[in-house]
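This briefing concerns aromatic rings and their surroundings. Please look at the sequence and the structure before reading on.

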Amino acid sequence: MNRDPESGSRGLQLPRVAVSSCLLGQPVRYDGGNKYQAWLVESLGRHVQFQPECPEAGAGLGVPRPPVQLVRGQHGIRVLGVSDRSLDVTGPLESYGRELVPALTDVCGFIFKTRSPSCGPSAVPVFDESGSRVGEGSGLVAGIVCERMPNLPVEDEEGLADPQRRDNFLERLFVFHRWRTLRRNGLDAAALVDFHTRHKFLILAHNETRYRSLGPLVASAGAGAIETLANEYETQMMAALKYPATPGEQVNVMQHLAGFLKDRLDPAGKRSLLRVIDDYREGRVSLHSTRARFREWVAHDPAAESAAAVFLEPYPAALAPE
């Protein structure tokens, strides 16, 4: 069995990630080409298992094929040919999308092709029947996946090129992987409490309101049906993690962690810790390097390390933006 040695999920099987096939270099685009993404294949590919998906090829539209686009008309948005409006592939793509969702049971994230009329998650151009651009929407299949699996982490290749969006997607991906593994292996009240204890600082860094609502939810574990509670916890946790963590929220969590360490640091160590927090607050050092320094401080404090491990290394360090 493949193992992930760095994810903060040591001993777990690698996460499975669905990816638009063209991003992996497969020649499935309308013109027979691909959109190979080196970082995706050569870096992320070392830490996940890919599940290639191409809605247009999978729906039987052929390779090569006439290009299509989202078109708003009298009957709503359809997927029509760019040069031949009589070509309507809406039905085959809708059928493929409905069949795809059950095949994503073990998937912990989906990386889509930017602005694709079938699998762009957002900002896909929408045209009128004359060819004028009239707005933006979601690719037809991506929209079905996101509607039916709202907790699934999704991103496109342009998002992964942005350091903050990449960081957010990777956090959600590996958290969702740990969570799904826990549920698959058998969830009880004690396991839920342990999971929340290890992840609460990461959740706090993203959304304090949701963090505070999750506390009482976890405290009620054992009082009702665990599956109902787990579904609510998953929804609230993944919704919280969608919020980008601001530098101020990251600093707030770092100050919480400093409280764990204050009794074991000498005056020089305390000054060093505060300098690291200030350097990050002022933008002089990256979040990645700041997390690395904190990992050094908590390494010899079992209580701090247990509470902080996921916040300080939510995904493999090798994947962190430079």
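The model is predicted: local features need pLDDT of at least 70, side-chain atom pairs count only at pLDDT 80 or more, and totals for chains, interfaces and linings use all residues. Residues are numbered from 1 along each chain as its sequence is written, and side-chain values use heavy atoms, with hydrogens and water left out.

**Contacts and core**

- Leaving aside neighbours within four places in sequence, Tyr233 is in contact (heavy atoms within 4.5 Å) with residues including Trp179, Leu192, Phe195 and His196.
- Trp179, also at 0% relative accessibility, counts as buried.
- The largest nonpolar core has 90 residues, and Trp179 and Tyr233 are among those with the most contacts inside it.
- Such a core is a set of buried Ala, Val, Leu, Ile, Met, Phe, Trp, Tyr and Cys residues joined through side-chain atoms within 4.5 Å.

**Aromatic pairs**

- Rings of Phe, Tyr and Trp (its six-membered ring) pair if their centres lie within 6.5 Å; planes under 30 degrees apart count as stacked, over 60 as edge-to-face and the rest as tilted.
- By this rule there are six aromatic pairs.
- The ring centres of Trp179 and Tyr233 are 5.2 Å apart and their planes are at 35°, so this pair is tilted.
- Ring pairs join Trp179, Phe195 and Tyr233 into a cluster.

Technical notes: Buried < 20%, exposed > 50% of the residue type's maximum accessible area, 1.4 Å probe, protein only.
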